[in-house]
Amino acid sequence: MVTAMLLYNLAVVAILALAWLRHGISGIAFWPVIAGHLTLAVWCVACKSA
């Protein structure tokens with residue numbers, strides 16, 4: 001389950017970063033959403049290594 005969550009969070013970050021780079025998509029909650037998903041991905045890695 002944690003592995004699936006890790007893959008999901010990394011995919012969301014990659015898709016949003018690609019949308020920002022290619023299409024200039026942004027907004028008031030854009031960067032907090034990316035930061036949140038990165039934080040959750042780090043948390044998943046920490047859970048996997050514990």
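Ala41 counts as buried because its relative accessibility is 5% (buried is under 20% relative accessible area, exposed over 50%, partly exposed in between, with a 1.4 Å probe and protein chains only). This is a predicted model, in which local features need pLDDT of at least 70, side-chain atom pairs count only at pLDDT 80 or more, and totals for chains, interfaces and linings use all residues. Residues are numbered from 1 along each chain as its sequence is written, and side-chain values use heavy atoms, with hydrogens and water left out.

**View 1. The whole chain, for orientation.** The protein chain has two helices and zero strands (DSSP runs numbered from the N terminus: H or I of at least four residues for helices, E of at least two for strands). Its C-alpha trace spans about 40 × 15 × 15 Å along the principal axes. Of the 50 residues, 20% count as buried. The chain exposes about 3700 Å², and carbon and sulfur atoms supply 77% of that area (Shrake-Rupley method, 1.4 Å probe).

**View 2. Helix 1 against helix 2.** Helix 1 covers residues 2–23 and helix 2 covers residues 30–49; they pack at an angle of about 150 degrees, with axes 9 Å apart (axes are lines fitted to C-alpha atoms over the stretch in contact, and angles run from 0 to 180 degrees between N-to-C directions). The two helices are therefore roughly antiparallel (over 145 degrees; under 35 is roughly parallel, 65 to 115 roughly perpendicular, and the rest oblique). In the contact of helix 1 with helix 2, the residues divide into 21 nonpolar, three polar and one charged (Ala, Val, Leu, Ile, Met, Phe, Trp, Tyr, Cys and Pro are nonpolar; Asp, Glu, Lys and Arg are charged; the others, Gly among them, are polar).

**View 3. Asn9 and its partner His37.** Look for Asn9 in helix 1. With 4% relative accessibility, Asn9 counts as buried. Its side chain and that of His37 are joined by a polar contact of 2.7 Å (a pair of N or O atoms within 3.5 Å; within protein, one must be able to donate a hydrogen and the other to accept it, and residues adjacent in sequence count only if both atoms are side-chain atoms).

**View 4. Ala41 and Val42.** Ala41 sits in helix 2, and Val42 is found in helix 2 too. Ala41 is buried, whereas Val42 is exposed, with a relative accessible area of 58%. From C-alpha to C-alpha, Ala41 and Ala11 are 10.0 Å apart in space and 30 residues apart in sequence. For Val42 and Asn9, 33 residues apart along the chain, the C-alpha separation is 9.4 Å.
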